[in-house]
Amino acid sequence: RLARDPEARKRREAVLAVPRRLTGVGAAFDAASALIEAAEAEAEASVAEADTAERAALETALGAGAPVAARPARSGGPPGQLKELEKRQKSRATRAQRDALDRALVDLAGFYRDALTMALRAPVAPVHTDTAALAGAGAQKWDAEGALRRLEAVLACRSAIEANVKPRIAVEAMMLALWKG
């Protein structure tokens, strides 16, 4: 996806810029909002076309535009079927948002993993070679314990979202933990 989609690369760059932006409580909440809004936008873009096509297909199947007498009779009627479709689409949009957010959290976890391995002087290659210098600076500033606490905060956020905690709450808590160290 990163190789083909310039928008995906921009989203990744924004996620990997988070550690530099965490300069205070306000910046932590701003970063959380930006991350949530980016995940929402990505999810909306990924499901919009399918949602529109499904709705059009259902309306056609229900006889939209046809005289009332020519419309097929269905159990639950057209309003019930449209409501069921909207429910499925909302569920898919929520899943797409959580997936987009999870991809961002995996990138962020990789960054803090890089900082941790650099702080420990572990002989392993960084996950994000393009931000290795930034991870190295973080490793010097935070030491191994601070990098580990930050990595654990990201992983705890992923677990919380998986356990159905509202993404905004989980991400705000994570950003505060990243800022505090």
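This is a predicted model: local features need pLDDT of at least 70, side-chain atom pairs count only at pLDDT 80 or more; totals for chains, interfaces and linings use all residues.
Reader: Is R121 buried or exposed, and why?

Author: The cut-off for an exposed residue is a relative accessible area over 50%. R121 has a relative accessible area of 73%, so the residue counts as exposed.

Reader: What is phi of R121?

Author: R121 is a residue other than glycine, yet its phi has a positive value. That angle is near 55°.

Reader: In which element is D143 placed, and what is its phi?

Author: D143 has its place in helix 5. As a residue other than glycine, D143 also has a positive phi. The value is near 65°.

Reader: Is A17 buried or exposed, and why?

Author: A17 lies in the loop between helix 1 and helix 2. Buried means under 20% relative accessible area. Because A17 has 12% relative accessibility, this residue counts as buried.

Reader: How many Å separate the C-alpha atoms of A17 and T131?

Author: Along the chain, A17 and T131 are 114 residues apart.

Reader: What share of the contacts in the protein chain with a separation of 6 or more joins residues 24 or more positions apart?

Author: The set considered holds the contacts with a separation of 6 or more. Within that set, residues 24 or more positions apart account for 66%.

Reader: What secondary structure does the protein chain have?

Author: From the N terminus on, the elements run α-α-α-α-α-α. The count comes to zero strands and six helices.

Reader: In which helix is confidence lowest, and in which is it highest?

Author: The protein chain averages a pLDDT of 85, and 83% of the residues score at least 70. The lowest mean, 81, belongs to helix 3 (residues 25–61). At 96, the highest is found in helix 6 (residues 167–180).

Reader: Which helix supplies the largest share of the lining of the largest pocket?

Author: This pocket holds about 240 Å³ of space, and 16 residues line it. Helix 1 (6–16), helix 3 and helix 4 (77–119) each supply at least two of the lining residues. Six residues, the largest share, come from helix 4.

Reader: Which residues lie nearest the centre of the largest pocket?

Author: By class, the lining divides into 10 nonpolar, no polar and six charged residues. Those nearest the centre are R11, E42, R103, A104 and D107.

Reader: Which helix gives the largest share of the lining of the second largest pocket?

Author: About 210 Å³ of space lies in the second largest pocket. Of its 13 lining residues, P19, R20, L22, K141 and W142 are closest to the centre. Helix 2 (18–21), helix 4, helix 5 (132–162) and helix 6 each contribute at least two residues to the lining. The largest share, six residues, is from helix 5.

Note on methods. Residues are numbered from 1 along each chain as its sequence is written. Side-chain values use heavy atoms; hydrogens and water are left out. pLDDT is the predictor's confidence in each residue, from 0 to 100. Helices (H or I, at least four residues) and strands (E, at least two) are DSSP runs, numbered from the N terminus. On a 1 Å grid over the protein atoms alone, a cavity is a set of points where a 1.4 Å probe fits but cannot get out, and a pocket is an open set with protein on both sides within 12 Å along at least five of seven lines; lining residues have an atom within 4 Å of a point. Grid points are joined across faces, edges and corners, and a volume is the space filled by probe spheres set on the points. Ala, Val, Leu, Ile, Met, Phe, Trp, Tyr, Cys and Pro count as nonpolar, Asp, Glu, Lys and Arg as charged, and the others, Gly among them, as polar. Contact means heavy atoms within 4.5 Å. Buried means under 20% relative accessible area, exposed over 50%, partly exposed in between (1.4 Å probe, protein chains only).
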